[in-house]
Amino acid sequence: EIADDELSISTSTPVIQESTDLSTSTPTGEATTIPEVLSESSSVDELVTEIVPKETTTPELEYTNSIVDLSLPQNISEDILINSVKNIEALPLRLSFARTTATSTPTLRNEYVVYENIFANTDVEYKITETGLKENILLKTSDHPSEFFYNINLENYDYVLTNNILRLYKKGHQGNDLFLQYTISAPYMSDSTGKRSTDIAL
């Protein structure tokens, strides 16, 4: 469901319920969600070479590679800003979590930039890859939200949502892949035992 520039990702149960990537866990497990934001010319089949921040307590928040120019926020209440490097006509994509009052600041954990406790018993982490931005939502106990909502500047694009994949096109060119600017891929969920499910609505 997409309304008023808000992107909703919902889960039905905390048990088993993107790939390119959202995940939940069993009541005792930890899970990851991973909507991956891709530039128009990238493919999930590409060989991924990871760009890893240095192991420091204050993580790097600005990244540039051959696909995207990315800025992660100083706290989770602010926007993630994504610019396409290959498509200079693409407008910046802005993403943030809706319906949270958290102001978590980032730390570095196992090559991921992590924002803790953005919701009850919920962390979010980001990793930069050669195809874009990978997001994991970590559900630490069974007492976690079953839905996550995003603010996204959809007014700047024409978009198509099919098979849980959101494709953003240049205004006036909906469905024309020559003008595809960003893709937010279908989420998936996995529990602490590695079981995976795609039973998630985007």
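User: Let's start with K140 and D123: what do their side chains meet in?

Analyst: The side chains of K140 and D123 meet in a salt bridge, at 3.0 Å from N to O. This pair joins distant parts of the chain, 17 residues apart: K140 is in the loop between β11 (132–139) and β12 (147–152), and D123 is in strand β10. Strands here are DSSP runs (E, at least two residues), numbered from the N terminus. One heads-up: this is a predicted model, where local features need pLDDT of at least 70 and side-chain atom pairs count only at pLDDT 80 or more, while totals for chains, interfaces and linings use all residues. Residues are numbered from 1 along each chain as its sequence is written, and side-chain values use heavy atoms, with hydrogens and water left out.

User: What counts as a salt bridge?

Analyst: The general idea is that side chains of opposite charge can pair when their charged atoms come close. The cut-off is a side-chain nitrogen of Lys or Arg within 4 Å of a carboxyl oxygen of Asp or Glu. Searching the whole structure turns up seven of them.

User: Which residues do salt bridges with shared partners join to K140 and D123?

Analyst: One network holds R109, E116, D123 and K140. R109 pairs with D123 at 3.6 Å, N to O, and also with E116, where the closest N and O atoms are 3.0 Å apart.

User: Is D123 buried or exposed?

Analyst: Buried means under 20% relative accessible area, exposed means over 50%, and partly exposed is in between (1.4 Å probe, protein chains only). D123 has 4%, so the label is buried. K140, at 30%, is partly exposed. R109 at 28% is partly exposed too, and so is E116 at 37%.

User: Which residues touch the most other members of the largest nonpolar core?

Analyst: A nonpolar core is a set of buried Ala, Val, Leu, Ile, Met, Phe, Trp, Tyr and Cys residues joined through side-chain atoms within 4.5 Å. The largest one has 35 residues, and L72, I82, F97, Y115 and Y126 touch the most other members. Strand β9 (residues 112–119) gives the most to this core, with four residues.

User: What does F97 touch?

Analyst: Contact means heavy atoms within 4.5 Å. Leaving out residues up to four places away in sequence, F97 touches residues including I76, I118, Y126 and F148.
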